[in-house]
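Please go through this structure with me in a series of questions, beginning with the overall fold and ending with single residues.

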Amino acid sequence: MSLLMNYNDQRFIKIAQFIFEEQFRRDPKLEEEMDDRRKRLMYDDVIYNISYLMTAVHFSDSKIFEGYALWIYELLCNIMKDLDRDRIMQFMTDHYSIMSEILNSHGKELLTEDELKKVTKYLEVAVEATKKSVTEIPLSKFFMEGEHFEVRKAYLDALITNQSKQAYEVINNAKNSGLPLTDIYEEILTKVMYEIGSLWHQNIITVDKEHYATSVTQTVMSRFYDEIFDRPKRNRTLVSCSVGSELHEMGIRMLSDVFEYNGWNTFYLGAALPESALLHAIDEYKPDLIALSVTMPPYLPVCESIVKAIREHQPNVKIAVGGQAFYYTDELWKKWDVDFYSESSKDLIHWADTAI
């Protein structure tokens, strides 16, 4: 096999050029994603990819190329942070398919029929391994612990790989199997969205992936609304909102849905609500409980100010606070004039049913 590690063979160079050019022809987005430096590195990678593949073929050992494919995929994910893991998987699997086509059509003078069969097989193995790697990411202890991990992981995997329909099916199957709505919200949707946020902060996924996951989850939640709002009411009222200019409102929205499902009348006011508007809403809706959520620590002073304003305006109303921002404090809520701090809607509902 004369092609193995022979970088001076013009036939080898020609095949590499064919592969490189064909990938850009089939995938126009690469022109936007690859500057001149990336293009040069990508061409070098084509050389390395063929070399590793030929080594695997030489020793009849598919593991050599499979291991290399996994290594280069993670390497690209780490050095190309502007691209999503799913996008990198796409152009790497496309690359392996193109390699297979061109080696089979232009490599007949370099490789035997048996070697070409191995080329096809090993590249198929690399494609499958790379596809699986998209969701093989480090997960937090918070995400790993608790009930329904398999459902939670299946939903996360569907979001990471842009499989909207699969994501909906995971939740629908969980619901149809008898999983209570509170468990779906608490153990699946809430934990998955926290994990999505954590993965974004670690640069493992891109911000557009976070936005996509949020959009899909909002749609999933909307499918429960007929059931949520059809429940009998208990003459209890909740007003809830995200604090200040906070735009991370998924958690507090989930909490409001769970309260509505448990018979409360809920008024979810969204995010970026002025303090005066919140006080006006309290006068209008006369809530038994006000729930305030803070995700980003810089908004904690705003939350403290709102708590003080509510206490001056309506001294007897119950106030609960929560959100990820409090995780990074030394029990800050204990220094405020609030009635309850909760990390989960279940805990808050249990307390509210007892205290109110």
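Q: How many helices and strands are there in the protein?
A: The model is a predicted one, and its secondary structure is assigned along the chain from the N terminus. The count for the protein comes to 16 helices and 5 strands.

Q: What radius of gyration does the protein have, and what would a compact globule of 356 residues have?
A: Along its principal axes, the C-alpha trace spans about 85 × 40 × 35 Å. A compact globule of 356 residues would have a radius of gyration near 21 Å, whereas the protein itself has 27 Å.

Q: Among contacts between residues at least 6 apart in sequence, what percentage join residues at least 24 apart?
A: A contact here requires heavy atoms within 4.5 Å. Of the contacts in the protein that link residues at least 6 apart in sequence, those joining residues at least 24 apart make up 72%.

Q: Which residues have the most contacts inside the largest nonpolar core?
A: Buried residues make up 50% of the 356 residues in the protein, and in soluble globular proteins nonpolar side chains tend to be buried together. The largest nonpolar core of this model has 90 residues, and those with the most contacts inside it are Leu53, Tyr96, Tyr155, Tyr185 and Leu189. Apart from this core lies another, of 24 residues, which includes Val239, Leu278, Ala309 and Trp333. The names asked for are therefore Leu53, Tyr96, Tyr155, Tyr185 and Leu189.

Q: With which residues is Tyr185 in contact, leaving aside its neighbours within four places in sequence?
A: Tyr185 is one of the residues with the most contacts inside the largest nonpolar core. Once its neighbours within four places in sequence are left aside, Tyr185 is in contact with Thr190, Met221, Phe224, Tyr225, Ile228, Met254, Asp257 and Val258.

Q: Is Ile79 buried or exposed?
A: Ile79 lies in helix H4, which covers residues 62–79, and together with Trp71 and Leu75 it makes a nonpolar surface patch of about 310 Å². Because its relative accessible area is 52% and the exposed class begins over 50%, Ile79 is exposed.

Q: How far apart in space are Lys233 and Tyr261, C-alpha to C-alpha?
A: Lys233 is found in the loop between helix H12 (225–229) and strand S1 (237–242), where it is partly exposed, with a relative accessible area of 35%. Leaving aside neighbours within four places in sequence, Lys233 is in contact with Ile228, Glu260, Gly263, Trp264 and Asn265. Lys233 and Tyr261 are 28 residues apart in sequence, and their C-alpha to C-alpha separation in space is 9.0 Å.

Technical notes:
Residues numbered from 1 in each chain as written. Predicted model: local features only at pLDDT ≥ 70, side-chain atom pairs only at ≥ 80, totals over all residues. Heavy atoms only, no water. Patch = residues over 30% accessible without salt bridge, like charges linked within 9 Å, V, L, I, M, F, W, Y side chains within 5 Å. Areas by Shrake-Rupley, 256 points an atom, 1.4 Å probe, with all protein chains shown as cover. Salt bridge = Lys/Arg side-chain N within 4 Å of Asp/Glu carboxyl O. Helix = DSSP H or I, 4+ residues; strand = E, 2+ residues; numbered from the N terminus. Buried < 20%, exposed > 50% of the residue type's maximum accessible area, 1.4 Å probe, protein only. Rg over C-alpha atoms; globule rule 2.2 N^0.38 Å. Core = buried A, V, L, I, M, F, W, Y, C linked by side-chain atoms within 4.5 Å.
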